[in-house]
Amino acid sequence: MNSLITPDNFEFFARYLLAGLIVISVRSRFVVGERPKLTEQLVEAVALSLINQLAFLFLASLWSLVPAAPVLPARGVFFLEVLVLPATLGALFGWNLSLGWNRSLLRRLSMPVQNPARRAYDFAFGKHRGPSFVIVTFTDGTVVHGLFGEESLAASDGNRGDIYLERLYHVADDGQWAEVVPPRAMLLSLEGMRSIEFLELEGERERTDDGG
């Protein structure tokens with residue numbers, strides 16, 4: 001790699017690889033879950049670098065039309081081209097991705113729609129997930145009832161997943177939820193998990209209050 005990138009061709013790699021990697025890096029801040037493999041990132045980085053180049057040439061042409069526009073130093077232009085503009089594009093792509101804009105248009109064009117969460121697990125516990133009661137069922141029949149709230153955490157590295165529930169509950173035969181005594185939290189490994197159910201917190205609070 002050291003012999004591949006030299007001072008003579010650094011600007012080429014910066015324009016057609018580094019710029020795309022910056023777009024991916026900034027966009028990933030809006031994406032939940034694992035990043036693609038390095039080989040996949042490199043291919044996408046080249047494509048995004050070309051998009052960045054088109055955007056830069058377009059903006060440069062607009063700048064040239066500005067009357068009495070100041071001439072920017074070459075190093076400053078290069079900095080804007082390979083760092084500032086890619087970071088801006090990455091933020092715009094990520095913001096658009098998180099808000100779900102253009103999804104209906106992409107579907108009508110039969111184009112792939114990228115979700116801000118790469119897996120259903122990440123989507124279920126993503127930014128939109130507010131505090132809620134959960135029912136975790138395992139393949140051996142074990143059922144855990146708990147609260148997934150602000151002090152809870154769900155994490156997955158692709159090979160394993162776990163959930164930290166800040167409170168555990170007991171559910172009576174009549175369906176009433178009551179916090180276990182003494183109060184407890186639990187760390188659950190999701191190996192052998194069959195399902196996770198989410199219950200609206202407000203409704204369940206009303207049920208608990210009525211039962212008390």
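1. Let me start inside a sheet: G146 has L168 in strand 5 as its bridge partner. That contact belongs to the antiparallel pairing of strand 2 with strand 5, which runs over three bridges. Two strands are taken to pair if DSSP finds at least two bridges between them. Helices (H or I, at least four residues) and strands (E, at least two) are DSSP runs, numbered from the N terminus.

2. A word on the source before going further. This is a predicted model, in which local features need pLDDT of at least 70 and side-chain atom pairs count only at pLDDT 80 or more, while totals for chains, interfaces and linings use all residues. Residues are numbered from 1 along each chain as its sequence is written, and side-chain values use heavy atoms, with hydrogens and water left out.

3. Now the overall layout. The protein has six helices and eight strands, and along the sequence they follow the pattern α-α-α-α-α-β-β-β-β-β-β-β-β-α. Of the 212 residues, 29% are buried. Here buried means under 20% relative accessible area, exposed means over 50%, and partly exposed lies in between (1.4 Å probe, protein chains only).

4. The sheet from the opening point is open and has five strands in the order 6-5-2-1-8, with antiparallel pairing. Its edges are strand 6 (177–179) and strand 8 (193–200), each of which pairs on one side only. From one strand to the next, the twist averages 35°. That angle is taken between axes, which are lines fitted to C-alpha atoms (for helices over the stretch in contact), and angles run from 0 to 180 degrees between N-to-C directions.

5. Five of its six residues are buried, so strand 2 is largely enclosed by the rest of the structure. Six bridges join strand 1 to strand 2, and the two run antiparallel; T137 stands opposite V143 of strand 2. The two strands form a hairpin with four residues between them, and G141 in the turn has a positive phi of about 95°. For background, most residues other than glycine have a negative phi.

6. The peptide bond from V181 to P182 is cis, with omega near -5°. As a general rule, most peptide bonds are trans.

7. There is also an open sheet of three strands, in the order 3-4-7, with antiparallel pairing. Strand 3 and strand 7 are its edges, each pairing on one side only. Neighbouring strands of this sheet are turned by 10° against each other on average, direction ignored. Strand 4 and strand 7 run antiparallel and are joined by four bridges, with Y164 opposite L187 in strand 7.

8. How exposed is R160? At 47% relative accessibility, R160 counts as partly exposed. R160 sits in the loop between strand 3 (153–156) and strand 4. Its C-alpha atom is 7.8 Å from that of S189, although the two residues are 29 apart along the chain.

9. The largest nonpolar core has 14 residues, of which F125, V136, V144, F148, I163, L165 and L188 touch the most other members. Strand 1 (132–138), strand 2 (143–148) and strand 4 (161–165) each give two or more residues to this core, and the largest share, three residues, comes from strand 1. A nonpolar core is a set of buried Ala, Val, Leu, Ile, Met, Phe, Trp, Tyr and Cys residues joined through side-chain atoms within 4.5 Å. In soluble globular proteins, nonpolar side chains tend to be buried together.

10. Finally, which residues line the second largest pocket? They are F56, L59, A60, W63, L72, V77, L80 and L85, and they divide into eight nonpolar, no polar and no charged. Ala, Val, Leu, Ile, Met, Phe, Trp, Tyr, Cys and Pro count as nonpolar, Asp, Glu, Lys and Arg as charged, and the others, Gly among them, as polar. Helix 2 (38–64) and helix 3 (74–99) each supply at least two lining residues, with the largest share, four residues, from helix 2. A pocket is found on a 1 Å grid over the protein atoms alone, as an open set of points where a 1.4 Å probe fits, with protein on both sides within 12 Å along at least five of seven lines; lining residues have an atom within 4 Å of a point.
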